[in-house]
Amino acid sequence: MNAETPAHKAAPRPRHWRRELVELAALFTAVAVADAVANTVAHGPGGPELLITSAVLLAATAGFHVWWSRRHGHAPPPLDTGTGAEPVTGEHDGATVLWRMRTTVRDEPGSLAALCGALARHRVDILSLQTHPLAEGTVDEFSLRAPASLEASALTRAVAAAGGSGTWIERADAHDLVDPPARILHLATRTALDPSELPLALRELLGRCAIRSLPAGKAAQGAEGIHDGEGGPGTVLRLHTPEGDVVTAERAYLPFTPTEFARARALLALDARLGPRLPGGAEVYTLPRGEAVTVERAGQGDLEEARELHARCSPATLARRYHGPVRDADRYLAHLLSPRHGRTLAARTSTGRLVALGHLLWDGEETEVALLVEDAWQRQGVGSRLLERLVAMAAEAEADSVYAVTQASNTGMVAAMRGLGLPLDYQIEEGTLVITARLAGHAPDAAARPGARGAAGQGRGRG
C-alpha cells in the first residue's frame, strides 16, 4: 500500500474581454508584418537573399529553443492545496529498510488516515496492515519500507504526532512480508503433520516470545486468557489443553491482543482435534561392530517400552541421565515423550527392541538435547547417531544453539558433543556440566523452515 497525495485538476480560468482584444491586435500585427515581408521579397533588389537569411535565423532560433528546453526542463509549479501539510522529508530514491511496527490509534473515523498520511510525508511505503480491535482503540500492525536515512526515533515521533500511542518498532526481513492468512495456514499444516511443531508454530504465530508447557500436575491452575507479566500489562498468554496441561506464552513490553489469543487457541484446538500422531520415516544405521539400528520418532505410545528400557539400565546410567534420584526417572517419561515439549527419537535393534532414547526439548527460547542409552549398547555409536539427528532437527527449527546437561565424568556424552564438529562452550552450573553447541552456519540434513525457533519444556537439568 502506498499512501500518496492524490493529484488535483485545476479549474478552468474565466476568459476576459481585454485578453480577447490583445489577441486580436496581435493577429492584425502579424498579418501586416507578413504582407511587408512578402512585398520586399517580391519587388526588392535583394529579395531571395533576405528570404534565405530569414529561414536560417528561424532555424537557428528553433534549435536554440530545443537545446534550452532539454537543458532546463520546465515543470508546473507544485499545487498549493491550502492544507498546510508538513514538507516531505527523507529520500525518495536510494537504499531502503524494512520495519515491523505496532501502534494503538483511537477507534474513530480518520485516525488511520492521519497515520497513513504521516507515513507518506516521510516517504514510508506501507506493505501490509493488520488490525487488532480492542475495547478502546485499535492496534494496527504494519510492515513498512522506509528510506534508510529515516531513523526509528524519527518514525515513532511522526506516528505519535499523528495520534499513535504505545508504538513498538523493530527491523524486519523478507519473511515478515508473507501474507498473514497464508502464514497461518502454513503453521496449521505443520502442526497437523507433526504435533511437536505446535510450540514452534505458536512462537512463529505470536512473534518473539517464550513458550512453555507444564503438565497438569505441575501447572498452576488459572483462567485462560491474557494476564499481566514481568514485561507489563497483558504480556502473558495462558491456554489450557484437553489433557489439562497449561501452555503459556510470554514476551516483554509488547502486550498480546484478543486477536492473537484467538489465533493461538484455534491452533491448539486443531492439535487436540487431530489427536496423537507421529510423522513417518525411519533411518537405518550400521554400527562399527556391524549391527544395524533403526532410528525413528517416538511418542507417548512408546511409554511402556521406555519404562522397560529404564528397568534394564543401571542406576549409574539413570543418575547420569536425570541428575537426581533414580526413583524419579519414570515420572519424567510421560513428559519427555509428549510432542508438546519437544521431539523424541528411538533407536531399535533389528528385532525391534528399544535400546536408546534421544530428546530434543524446547526450553523457553533455548533448546536442550539429552540421551539415554542402555548399558550394553553404550560406546557403540548409538548415542552419536541420535545426537546428530537431534542437532539436525534443532537446525531445521532455526535454533541458535543446543545445550546438554551432564556430569564431567560422563565421558561418553562429552565425546559425542565434541564429535559434532561444532563450536562448544563449557560451563559449570549447580555442580553439573553444561555443554552448549553453537549452530550458526550449521547445515541441517533437511531444508530449514523459516521462523520456527523453539519454545516449551522444562528447565535446565530436568530434561
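This is a predicted model: local features need pLDDT of at least 70, side-chain atom pairs count only at pLDDT 80 or more; totals for chains, interfaces and linings use all residues.
**Reading hairpins, sheets and cores**

Reader: How many bridges join strand 2 to strand 3?

Author: Strands pair if DSSP finds at least two bridges between them. Here strand 2 and strand 3 (residues 138-147) run antiparallel and are joined by eight bridges.

Reader: What is the strand order in the open sheet of four strands, and which strands stand at the edges?

Author: Reading across the sheet, the order is 2-3-1-4, with antiparallel pairing. Strand 2 (125-133) and strand 4 (165-171) are at the edges; each has a single partner strand, so one side of each has no neighbour in the sheet. From one strand to the next, the twist averages 15 degrees. Strand 3 also pairs with strand 1, antiparallel over 10 bridges, and Met101 has Phe142 in strand 3 as its bridge partner.

Reader: Is strand 3 mostly covered or open?

Author: Mostly covered: of the 10 residues in strand 3, nine are buried. Buried means under 20% relative accessible area, exposed over 50%, partly exposed in between (1.4 Å probe, protein chains only). Look also for helix 3 (residues 111-121), which lies across strand 1 (96-105), strand 2 and strand 3, at about 15 degrees to strand 3. Axes are fitted to C-alpha atoms (for helices over the stretch in contact), with angles from 0 to 180 degrees between N-to-C directions.

Reader: What about strand 8, and which strands does strand 8 pair with?

Author: Strand 8 (residues 246-250) pairs with strand 5 (residues 210-214), antiparallel over five bridges; there, Ile211 has Ala249 as its bridge partner. Strand 7 (residues 232-240) also pairs with strand 8 in the antiparallel sense, over five bridges, with His240 opposite Val246. Strand 7 and strand 8 form a hairpin with five residues between the strands, where Gly244 takes a positive phi near 100 degrees.

Reader: Which residues of helix 6 meet helix 7?

Author: Contact means heavy atoms within 4.5 Å. Leu198, Ala201, Leu202, Leu205 and Leu206 of helix 6 meet residues of helix 7 including Ala264, Leu267 and Leu268. The axes of helix 6 (residues 198-206) and helix 7 (residues 258-274) come within 10 Å, crossing at roughly 160 degrees.

Reader: Finally, which residues have the most contacts inside the largest nonpolar core?

Author: Val369, Leu386, Leu387 and Met417 do, in a core of 37 residues. Such a core is a set of buried Ala, Val, Leu, Ile, Met, Phe, Trp, Tyr and Cys residues joined through side-chain atoms within 4.5 Å. Among the elements that give two or more residues are strand 13 (366-373), helix 11 (382-396) and helix 12 (411-418). Helix 11 supplies the largest share, seven residues.

Definitions and conventions
Residues are numbered from 1 along each chain as its sequence is written. Side-chain values use heavy atoms; hydrogens and water are left out.
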